[in-house]
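Here is a friendly walk through one structure, helix by helix and core by core. Have the sequence and the 3D view open as you read.

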Amino acid sequence: MAQPRSAKRKASPKHALSAPRAARVSPSERLDLFAITAPGLETLAAGELHSLGIPEAAAEAGGVAFRGGLTDVYRANLWLRTATRIVARAGEFGARAFYELEKGAKQVPWERWLGGGRPVQIRVTCRKSKLYHSDAVAERVASAIASRAGKAGAITARSGGADIDDDDAAQERGGAQLIAVRMLHDRCTISIDSSGPLLHRRGYRLATAKAPLRETLAAAALFASGWDPAAPLIDPLCGAGTIAIEAALMARGIAPGSRRDFAFMSWPSFDAGLWATVRDDSLASALPAAPAPIIASDRDEGAIAAAAANAERAGVVADLTLSRRALSAIEPPAGPGWLVTNPPYGVRVGDAGGGLRDLYAQLGNTARETMNGWTIAMVSAEPALERATKLGFEPVIKTRNGGIPVRIVVARVE
């Protein structure tokens, strides 16, 4: 049941909003931005932003807050390997009653972000606020958008706790502009998505193997392992090749978003010339080849075929050595180097019993016999299976993969 409208009263000064800004975002204007990440990956994304020349980027729960202009919006979407979305904060105000929500939402400069009849999708979360009914909040925000940005297309709402980092096939198929509305402690924060489809969708992984690993988590595993792109890398359980492909992109300095489009391209303030410069600069800085061997293998022939097809689409197939072989048959190049992998957990693939324990034990045996001085890193969902390797893994990151709690663990073979 929707909450009743509260009696109108004068807003207190702390809820007052500044006058609306210009209808378009200028390239020099600094925006409040937020890079959303999976839990546990915040510090990695902050480090990536620092490397892009944004030193004030600050990790916090759920992502990284930073300020920047349109150039930074473009570069963050193009370059960040561990982020899920980049959003711009369009408005924030106090709202303990619906008339305050309506007033605040109408003062958001919607015309800066919406136009051309593009459809809009609103996602609402309400926590610890007097305005707790997400459908009613979405209704008021939709009304504010319609009254101020009359050129917006159809407006739909998805409420009831849906997170902005969720996949949404309907939004992506329809090309809708996603708007996130969060009510928390009686404050409303409105964010405009600049990314579109989630950033792990690089555009190359059309072929999949069993229990695929998100590209963002593959990149996180490589970062967390401390991998030096000048050293060899092996993934002996490569599946569809995501870790090896992400490694090749890193090693060559290829921007992960260079083969896709983004939601900001539909903003009224989109600067096609500026975007072309940012993208062209990224292409010009890429190396012609990976500086060290990147080796991926799997005992499943279909997985190797999928990995080869994905690597071809990513433009890095020449940087990989792909082969079908058992874990025990891998031949590491002269090291030291890194082994980074995502073995089956026993949750969706295989089982958590003797078969998987034998696989993990074989991983440990192979590492000790052939990889002295190497660093071993893996994505793990089961500490008992980690222990079966007898490699003395230490957890460095806790996160989730496809809704499953996982850890990135690292060990050094001595």
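Glutamate 215 lies in helix α6; helices here are DSSP runs of H or I with at least four residues, strands are E runs of at least two, and both are numbered from the N terminus. This is a predicted model, in which local features need pLDDT of at least 70 and side-chain atom pairs count only at pLDDT 80 or more, while totals for chains, interfaces and linings use all residues. Residues are numbered from 1 along each chain as its sequence is written, and side-chain values use heavy atoms, with hydrogens and water left out.

Is glutamate 215 buried or exposed? Its relative accessibility is 2%, so it counts as buried (buried means under 20% relative accessible area, exposed over 50% and partly exposed in between, with a 1.4 Å probe and protein chains only). Not counting residues up to four places away in sequence, glutamate 215 touches Arg81, His200, Arg202, Tyr204, Arg205, Thr242 and Glu246, where contact means heavy atoms within 4.5 Å. For glutamate 246, 31 residues apart from glutamate 215 along the chain, the C-alpha separation from it is 7.0 Å.

Helix α6 is mostly covered, with 10 of its 11 residues buried. Among the buried ones are Glu215, Leu217, Leu222 and Ser225.

How do α6 and α7 cross? The axes of α6 (residues 215-225) and α7 (residues 242-252) come within 9 Å and cross at roughly 65°; axes are lines fitted to C-alpha atoms, for helices over the stretch in contact, and angles run from 0 to 180 degrees between N-to-C directions. The two helices are therefore roughly perpendicular to each other (65 to 115 degrees counts as roughly perpendicular, under 35 as roughly parallel, over 145 as roughly antiparallel and the rest as oblique). The crossing of α6 past α7 is right-handed, a label given if the near helix is turned clockwise from the far one by less than a right angle, with anticlockwise being left-handed. On the α6 side, Glu215, Ala218, Ala219, Leu222 and Phe223 take part, and they meet Thr242, Ile243, Glu246, Ala247 and Met250 of α7. By class, this contact of α6 with α7 has seven nonpolar, one polar and two charged residues (Ala, Val, Leu, Ile, Met, Phe, Trp, Tyr, Cys and Pro count as nonpolar, Asp, Glu, Lys and Arg as charged, and the others, Gly among them, as polar).

## Two nonpolar cores

Which residues touch the most other members of the largest nonpolar core? Among its 63 residues, they are Trp227, Ile294 and Ile376; a nonpolar core is a set of buried Ala, Val, Leu, Ile, Met, Phe, Trp, Tyr and Cys residues joined through side-chain atoms within 4.5 Å. Helix α7 gives the most to this core, with eight residues. There is also a second, separate core of 58 residues, which includes Leu52, Leu70, Leu80 and Ile190.

Back to isoleucine 294: leaving aside neighbours within four places in sequence, its contacts include Trp227, Leu233, Ala244, Ala247 and Leu320.

## Helices α2 and α8

Helix α2 (residues 70-79) packs against helix α8 (residues 272-285) at an angle of about 40°, and their axes are 10 Å apart. These two are therefore oblique to each other, and α2 passes α8 in a right-handed crossing. From α2, Leu70, Thr71, Tyr74, Arg75, Leu78 and Trp79 meet Leu274, Trp275, Val278, Arg279, Ser282 and Ser285 in α8. The contact of α2 with α8 has seven nonpolar, three polar and two charged residues by class.

Lysine 128 has a positive phi of about 55° although it is not a glycine. Lysine 128 sits in the loop between β5 (120-127) and α4 (134-148), and is exposed, with a relative accessible area of 66%. Histidine 185, also not a glycine, has a positive phi of about 55° and is placed in the loop between β7 (177-184) and β8 (187-193).

Leucine 385 belongs to helix α11 (residues 383-388) and is buried, at 2% relative accessible area. Apart from neighbours within four places in sequence, leucine 385 is in contact with Tyr345, Leu356, Arg357 and Tyr360.

## The whole chain

The chain has 11 helices and 15 strands. Of its 414 residues, 53% are buried.
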